[in-house]
Amino acid sequence: MIESRHLNYFTDIVGSENIYSDKAHLIAYSYDATREHFEPDAVVFPRDEEDISKILKYCNEHKIVIVPRGAGSGFTGGALPSSGGIVLAMEKHMNKILEIDMKNMVAVVQPGVINMDLQRAVEEVGLFYPPDPASQDYSSIGGNVSENAGGMRAAKYGITKDYVMATRAVLPNGDIIKAGKRTIKDVAGYNISGILIASEGTLAVLTEITLRLIPKPKLTKTAMGVFESVHDAMNAVYKTMASGITPVAMEFLDNLTICAVERTFSKGLPVDAGALLITDVDGNLEEDLDFQLSQIEKVFKANGCYKFKIAQDKKEASDIWFARRNASPALSVYGSKKLNEDVTVPRSALPELLEKFYAIADKYDVKIPCFGHTGDGNVHTNVMVDGSDPKQVEIAYKAIEEVFQATIDLGGTLSGEHGIGLAKAPYMKMAFTPEEMALFKSIKMAFDPNNILNPFKMGLK
């Protein structure tokens with residue numbers, strides 16, 4: 001429990017209307033998409049960078065834990081106040097698009113800006129911010145940077161780190177730094193901005209982010225391939241990407257996911273299919289899009305695709321994408337508890353990876369529906385069990401450990417976009433050597449020697 005004198009100090013900085021320690025606020029800021037709950041001691045809404053600097057300097061001196069928070073939409077507990085302390089919430093004041101620079105094609109934003117709001121704002125002037133996490137309608141740019149969020153367009157356009165040019169941030173001791181420039185090239189000094197990306201708020205508090213923009217493609221087309229087996233579909237993924245065609249998105253649903261969506265929404269999906277692949281292509285010429293789709297169709301059909309459908313208008317495209325966008329909530333038909341992981345492997349390893357996952361499902365007699373961004377090797381793996389049965393939950397965690405091990409054995413990673421947070425922290429030692437973990441801890445210590453900033457996340461102290 002935090003002492004009242006500390007709360008009084010914070011009140012003097014931000015005003016009584018920007019600090020709360022009542023039960024309603026503590027509960028509201030105690031959880032994220034993991035559904036785990038840890039109540040903070042107080043919630044503070046900083047008005048600007050100077051407020052953040054003063055708060056962090058004071059907390060560092062008095063060893064008070066600070067947890068930065070964007071929209072609280074994370075899947076791994078990265079913004080949960082698991083050690084109590086102060087939640088530093090950005091959505092109330094630090095939520096402005098500061099600049100859209102048309103000449104240099106960059107946007108400067110505060111961390112609380114919602115991803116989709118930025119996309120809409122830049123598209124109004126003919127520019128494009130590609131990173132599109134599934135949470136784009138409500139997740140914040142600060143959170144996207146802190147977790148290095150991806151999305152469906154990553155197959156062609158990459159992920160958040162590919163668009164961060166510079167950051168302003170406050171260190172735990174209150175010092176304000178600027179890392180990076182809005183120049184295309186910058187090799188002066190260490191890449192501090194790169195270190196802050198995916199650091200999950202453990203090293204500094206972001207206050208301003210400069211993002212690279214690109215011209216908005218004029219045209220987009222959507223298509224779907226239906227496959228007899230997941231193995232065929234996974235072969236089609238990496239062979240398409242190696243064919244010289246780079247689709248915007250290459251998403252997949254396995255049979256369990258297809259059946260869950262159909263049971264939930266009755267959209268006329270082929271429930272006997274082994275897998276669906278959904279793809280988008282874009283460009284500025286109709287002929288170019290048609291050529292891309294013809295090449296994709298050729299590769300698909302050479303690898304077990306028995307039906308290939310091209311959307312003829314926006315409604316058909318929306319109907320095709322419906323299954324993918326609603327895959328996650330539909331999986332509740334298989335159980336009340338979902339262990340949702342976002343493992344990633346080299347694309348060529350996808351067929352073997354899925355085979356290993358289904359073998360794990362058979363071993364533990366659980367359902368493991370899979371879907372995800374296979375264009376970049378990112379599979380959302382969902383172990384589904386009855387959450388009210390402790391034995392099933394225990395089995396689910398055993399299955400997840402084997403899922404991670406199978407991924408690592410194939411040269412993959414624990415997370416493609418969700419981060420590590422609390423949920424995956426116990427598995428970090430599976431993925432990294434003791435020497436590598438020691439290096440991570442030394443970086444944390446260099447930034448935050450008193451361990452006040454989002455402590456114990458990512459398997460670090």
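Predicted model: local features only at pLDDT ≥ 70, side-chain atom pairs only at ≥ 80, totals over all residues.
Helix 1 covers residues 4–14, and its buried residues are His 6, Leu 7, Phe 10, Ile 13 and Val 14. Viewed down the helix axis, these buried residues fall within an arc of 115 degrees, so they line one face. An α-helix has 3.6 residues a turn, so residues three or four places apart point the same way. The face turned away from the buried side of helix 1 carries the exposed residues Ser 4 and Asp 12. What do the buried residues of helix 1 pack against? Their partners are strand 1 (19–20), strand 2, helix 3 (49–62) and strand 4 (86–89). Gly 15 follows helix 1 and has a positive phi, near 90 degrees.

**A loop residue, Thr 34**

Thr 34 sits in the loop between helix 2 (23–28) and strand 2 (42–44). Is Thr 34 buried or partly exposed? Its relative accessible area is 22%, and the cut-off for buried is under 20%. Thr 34 is therefore partly exposed. Its side chain makes a polar contact with the side chain of Asp 32, at 2.5 Å. Leaving out residues up to four places away in sequence, Thr 34 touches Gly 74, Phe 75, Thr 76, Gly 77 and Leu 80. Gly 72 lies 38 residues from Thr 34 along the chain, and the C-alpha atoms of the two are separated by 9.8 Å.

Strand 6 (residues 106–109) is covered on both faces. Val 106 and Val 108 are buried on one side, and Ala 107 and Val 109 are buried on the other. In a regular strand the side chains alternate between the two faces of the sheet. Strand 5 (residues 97–101) and strand 6 form a hairpin with four residues between them. In the turn, Met 105 has a positive phi of about 55 degrees.

| Strand pair | Bridges | Direction | Residues facing each other |
|---|---|---|---|
| Strand 5 and strand 6 | four | antiparallel | Ile 100 and Ala 107 |
| Strand 6 and strand 10 (205–212) | four | antiparallel | Val 109 and Ile 209 |
| Strand 13 (249–254) and strand 14 (275–283) | six | antiparallel | Met 250 and Thr 279 |

The largest nonpolar core has 52 residues. Those with the most contacts inside this core are Met 234, Leu 277, Phe 300, Leu 354, Phe 357, Val 379 and Val 383. Which helix gives the most to this core? Helix 14 (residues 390–409) does, with eight residues. A second, separate core has 26 residues, including Ala 107, Ile 209, Leu 213 and Val 248.

Val 379, from the largest core, has contacts beyond its neighbours within four places in sequence. Among them are Phe 252, Val 343, Leu 350, Leu 354, Phe 357 and Phe 371. Glu 341, Asp 342 and Thr 374 are also in contact with Val 379.

Technical notes:
Residues numbered from 1 in each chain as written. Heavy atoms only, no water. Core = buried A, V, L, I, M, F, W, Y, C linked by side-chain atoms within 4.5 Å. Buried < 20%, exposed > 50% of the residue type's maximum accessible area, 1.4 Å probe, protein only. Helix = DSSP H or I, 4+ residues; strand = E, 2+ residues; numbered from the N terminus. Contact = heavy atoms within 4.5 Å. Polar contact = N/O pair within 3.5 Å; in protein donor to acceptor, adjacent residues only side chain to side chain. Arc of directions from axis to C-beta. Pairing = 2+ DSSP bridges.
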